[in-house]
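These are my notes from a first pass through one model. I wrote down each thing I looked up, in the order I looked it up.

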Amino acid sequence: MRAFYSGQFVLPLPEGHRFPMSRYAMLRERLLEQLPAVVMDVAPRAGDDELALAHTPEWISAVSEGSVSPQAMREIGFPWSEAMVERSRRSAGATIAACRVAFAEGVSANMAGGTHHAYADKGSGFCVFNDAAVAARLMQAEHARAGQLLRVAVIDLDVHQGNGTASIFQGDPSVFTLSLHGQKNFPFRKETSDLDVELPDGCGDAEYLAALEHALDELDRRFVPGLVIYLAGADPFERDRLGRLKLSFDGLEARDRRVFDWAWQRRLPMAFAMAGGYANDIAETVQVQVGTFRVGLEYWRRWQNAAR
């Protein structure tokens, strides 16, 4: 199974910054050790024309040139640097590449990504460009050139609402945005997804999985996609310092399995991204992510066996 990484494009952060940049290198190391069947490729770089499918030219230029206002950079939560720009482009490029591979092989991954707080004209919450939105728009454009309409479902299971994604696709019947998130968590001003499921603080495995089942049934009733982009956030984990939910390792694996199985039953190609994860012990976040890859690899193998 192919996965795309941008971990070598390190974002320089001041000491004590709360964003766990080290988790990306740790994930790569664990996958090399535990899941050697995951083939890791360097993420390509998303260009201006690709980013402009989901973002305004003004925002792309401001980010690229370093002319973003201090207030707007504070909303993102990172200091501006050329490395930040390069990493953000690579993160979007990784989801683009994963989508293309998913059409050929059924399943592929971005080892980072899930930057769902980025709007068309601004960033927010550690997100500069919205990788899922850029990739969805580009896949639709490529299918349109072949005379095909592509409908995309974005299944966002990060613990924080995908407000930027919801805003970008507001009123677009060709993209369905589903977000399962903490009701009282960031962002404190939510946008309207096609389907929002708000969960109370302390929500555990059984309640979460029941809500997910209901949400997938609702998605099934309302929309027929040709591609799924799955944001497999590790932050619903019970010891995540920003999550406020109480999912166990087993609960998160069951969550992943249900989403992959839902797509597999319908033979829908799926690209998945890691999204958030902020456990006090970052190794626990990485353990959740490795679990997602383990389930993804199982379903990738199903696709390969079915093609024989």
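I began with burial: buried means under 20% relative accessible area, exposed over 50%, and partly exposed in between (1.4 Å probe, protein chains only). The model is predicted, so I noted that local features need pLDDT of at least 70, side-chain atom pairs count only at pLDDT 80 or more, and totals for chains, interfaces and linings use all residues. Residues are numbered from 1 along each chain as its sequence is written, and side-chain values use heavy atoms, with hydrogens and water left out.

**Entry 1**

I looked up Phe126. At 14% relative accessibility, Phe126 counts as buried. Phe126 lies in the loop between β3 and α6. For these names I used DSSP runs, numbered from the N terminus: helices are H or I with at least four residues, strands are E with at least two. Phe126 is not a glycine, yet has a positive phi of about 70 degrees.

Then I searched for ring pairs. Rings of Phe, Tyr and Trp (its six-membered ring) pair if their centres lie within 6.5 Å; planes under 30 degrees apart count as stacked, over 60 as edge-to-face and the rest as tilted. The whole structure holds 14 aromatic pairs. Phe78 and Phe126 have ring centres 5.3 Å apart and planes at 20 degrees, so I logged the pair as stacked. Ring pairs link Phe19, Tyr24, Phe78, Phe126 and Tyr278 into a cluster.

**Entry 2: a second stacked pair**

I turned to Phe260 and Tyr299. Their rings form a stacked pair, 6.0 Å centre to centre, with 20 degrees between the planes. Phe260 belongs to helix α9 (residues 249-265) and Tyr299 to helix α10, so the pair ties together parts that are 39 residues apart in sequence. Are Phe260 and Tyr299 buried or exposed? Phe260 is buried, and so is Tyr299.

**Entry 3: the sheet**

Which order do the strands take in the sheet? I read it as β2-β1-β3-β8-β7-β4-β5-β6: eight strands, an open sheet, parallel pairing. Two strands pair if DSSP finds at least two bridges between them. The edge strands, β2 (39-42) and β6 (195-199), each pair on one side only. From one strand to the next, the twist averages 15 degrees.

I stayed at β6. Five bridges join β5 (residues 175-182) to β6, and these two strands run parallel. His181 has Glu198 in β6 as its bridge partner. Gly182 stands opposite Leu199 in β6. The covered face of β6 has Leu195, Val197 and Leu199, and the uncovered face has Asp196 and Glu198.

In the loop between β5 and β6 I found Pro187. The peptide bond from Phe186 to Pro187 is cis, with omega near -5 degrees.

**Entry 4: helices across the sheet**

For directions, axes are lines fitted to C-alpha atoms, for helices over the stretch in contact, and angles run from 0 to 180 degrees between N-to-C directions. Helix α5 (residues 82-105) lies across β1 (2-5), β2, β3 (107-110), β7 (227-231) and β8 (270-273). Helix α5 runs at about 175 degrees to β3. Helix α10 (residues 282-307) lies across β1, β3 and β8, at about 150 degrees to β3.

**Entry 5: α3 against α5**

Helix α3 (residues 57-65) packs on α5 at an angle of about 135 degrees, and their axes are 8 Å apart. I therefore put α3 and α5 down as oblique to each other. The cut-offs: angles under 35 degrees count as roughly parallel, over 145 as roughly antiparallel, 65 to 115 as roughly perpendicular and the rest as oblique. Ile60, Val63 and Ser64 in α3 meet Met84, Val85 and Arg89 in α5. By class, the contact has four nonpolar, one polar and one charged residues. Here Ala, Val, Leu, Ile, Met, Phe, Trp, Tyr, Cys and Pro count as nonpolar, Asp, Glu, Lys and Arg as charged, and the others, Gly among them, as polar.

**Entry 6: two arginines**

Arg90 is in helix α5. At 17% relative accessibility, Arg90 counts as buried. What does Arg90 contact, leaving aside its neighbours within four places in sequence? I listed Ser6, Phe9, Val42, Ala43, Pro44 and Arg45.

Arg244 lies in the loop between β7 and α9. At 38% relative accessibility, Arg244 counts as partly exposed. Arg244 is not a glycine, but has a positive phi of about 70 degrees.

Terms used. Contact means heavy atoms within 4.5 Å.
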